[in-house]
Structure formats: C-alpha cells, structure tokens
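Could you walk me through this structure slowly, feature by feature, with the idea behind each feature and then the case at hand?

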Amino acid sequence: MTTSIQPGVANTVASATTPAATSSSGSTAGAVSGTGLNSQTIAGNFQTFLTLLTTQLKNQDPTNPLDTNQFTQQLVEFAQVEQQLKSNEQLSALVSLQQTAQSTQALSFVGENVTVNSNTAQLAHGSMTWSMSSPKPSTAALNISNSSGQLVYSGTMTLQAGSNTFKWNGQGNNGTQWPDGTYTMAVTAKDASGQSVGVSTLVTGVVDSVDLTKNPPVLSVNGQSFTVNQIQGVSRSGL
C-alpha cells in the first residue's frame with residue numbers, strides 16, 4: 001500500500017531541506033579552503049544532510065516526486081570531501097614520519113667521517129687530503145688559500161681520468177709551515193689541447209653537529225653545512 005501525504009507537507013520538507021543542503025555545501029567549501037580542516041564539523045553536516053534527505057524522500061508526494069538529482073550530486077560531493085579530509089590526515093602523518101626518519105638518520109652521522117663535494121678541508125697535524133674527479137686526463141693548477149683568503153700554496157698536478165688524490169703537508173711554497181685550520185683549494189684544469197676540464201673536488205671530514213631545526217636537517221662538516229643527500233661516503237671515525 002502506498003502512503004501519500006498532503007502536498008503542503010512535502011513542500012515544507014523540501015523548503016527546509018534545500019537550504020540546509022546548500023548551507024552544508026557552503027560550510028564544506030569553507031572548511032576545505034581554510035587553513036584548518038574541521039573533520040568533525042564536516043561529519044556533523046554530512047549526517048544532518050543525510051537525515052534531511054532521507055526524511056524528504058520518505059514524505060514526498062508519490063504522485064509528484066521531487067527531483068533528487070541535486071541531492072544526489074551533493075551527496076557525492078560530501079563523500080569526496082570526506083575522502084579528501086582522510087587523505088590530508090594520512091599525508092600529514094606520512095610527512096611527520098618522514099621528518100622523524102630524516103632527523104634520526106642525520107643524528108646517526110654525528111662523530112663519523114663523511115665524504116662530501118667541497119673544496120674546503122681541515123688541516124690537522126700538518127696533513128690534509130682532497131679527492132678530485134676528472135672526466136679525462138688533464139693538467140691541474142692548484143691554489144690553496146687560508147680562511148682569510150691568503151694564498152698559501154700553489155702548484156700543478158697531472159690528473160688521470162677518474163678519481164685522483166692530492167695530499168698537502170701544510171707547507172707553503174717558501175717552506176713555511178701553516179697552522180692547522182680551514183683551507184680552500186681552487187682547481188683549474190686543461191686537457192692536452194688546452195681546453196678547460198671541469199674537475200670536482202671532494203673532502204672527508206667529521207660531522208661536528210646537526211641542526212634539526214632545518215628541513216631537511218643540516219650537518220656541519222669542516223665548518224660547512226651539508227644535507228644527508230650530499231654525502232658521498234661514510235666511514236667510522238678513527239679508521
């Protein structure tokens with residue numbers, strides 16, 4: 001048996017439902033576009049919308065049913081918003097876990113010897129080493145300066161294709177023994193035909209500290225800052 005109601009009742013429910021649905025949709029947009037997503041408010045509006053929609057469908061005039069297309073569309077939109085809220089929460093959790101993992105990884109390097117792309121190294125006990133990588137055989141002019149920018153050593157070196165090592169004993173060209181500290185080496189290389197050759201320099205140093213306030217965390221090596229992904233190699237200190 002089909003139960004019908006007076007048209008006036010159906011119209012009253014329809015007029016009460018439509019603004020509520022519109023208001024829910026508006027509050028949803030505001031929640032999504034705002035800086036903070038209030039999932040509880042969205043969930044509350046969603047339940048209210050479903051209640052009103054169900055009530056209207058139950059009490060509509062069967063001889064003149066109301067058009068539910070707009071409500072179905074809004075239902076779909078609410079479901080999409082709910083999915084987006086959950087996705088945002090999960091992404092936030094993943095980002096937090098990634099940051100924690102980065103901090104833990106960075107802290108594990110403190111006190112270890114690491115190799116990084118740099119032309120600055122520490123002279124310690126009258127010895128320091130640079131590694132140089134050349135794409136092809138070349139002749140390199142080496143100029144070493146102290147932390148004040150003063151040139152303390154200059155010389156030349158024949159580079160083979162691939163990895164090369166230059167060790168400096170801290171002595172200048174005039175035989176002066178320079179004190180321990182930070183020194184920078186500039187490399188200018190040319191091949192047999194006089195064409196410039198790009199040479200990269202690497203140094204090995206101890207990670208003195210880690211700044212966890214940076215994102216990603218920053219490691220301090222030889223007075224310079226590096227991120228974990230800039231580390232080329234790691235070895236235990238003292239080895």
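Predicted model: local features only at pLDDT ≥ 70, side-chain atom pairs only at ≥ 80, totals over all residues.

Q: What volume does the largest pocket have, and which residues line the largest pocket?
A: On a 1 Å grid over the protein atoms alone, a pocket is an open set of points where a 1.4 Å probe fits, with protein on both sides within 12 Å along at least five of seven lines, and lining residues have an atom within 4 Å of a point. Here the largest pocket has a volume of about 200 Å³, and its lining includes Asn113, Gln122, Met128, Thr204 and Asn222. The elements that give two or more residues to this lining are β2 (120–123), β3 (128–134) and β9 (200–211), with the largest share, 3 residues, coming from β9. Strands are DSSP runs of E, at least two residues long, and helices are runs of H or I of at least four, numbered from the N terminus.

Q: Which residues have a positive phi although they are not glycines, and are they buried or exposed?
A: Buried means under 20% relative accessible area, exposed over 50%, and partly exposed in between, with a 1.4 Å probe and protein chains only. His125, in the loop between β2 and β3, has a positive phi of about 55°, and at 78% relative accessibility His125 counts as exposed. Asn222 also has a positive phi of about 55° and is found in the loop between β10 and β11 (224–227), but at 8% Asn222 counts as buried.

Q: Where is the peptide bond that is cis?
A: The bond from Asn215 to Pro216 is cis, with omega near 5°, and Pro216 is found in the loop between β9 and β10 (218–221).

Q: Which residues form a nonpolar patch on the surface?
A: Such a patch is made of residues with over 30% relative accessible area and no salt bridge, nonpolar side chains (Val, Leu, Ile, Met, Phe, Trp, Tyr) being joined within 5 Å; a salt bridge is a side-chain nitrogen of Lys or Arg within 4 Å of a carboxyl oxygen of Asp or Glu. In this model Leu107, Val110 and Leu212 form the patch, with about 230 Å² of accessible area together. Val110 lies in the loop between α3 (69–107) and β1 (113–117) and is partly exposed, with a relative accessible area of 37%.

Definitions and conventions: Residues numbered from 1 in each chain as written. Heavy atoms only, no water. Patch = residues over 30% accessible without salt bridge, like charges linked within 9 Å, V, L, I, M, F, W, Y side chains within 5 Å. Areas by Shrake-Rupley, 256 points an atom, 1.4 Å probe, with all protein chains shown as cover. Points joined across faces, edges and corners; volume = space filled by probe spheres on them.
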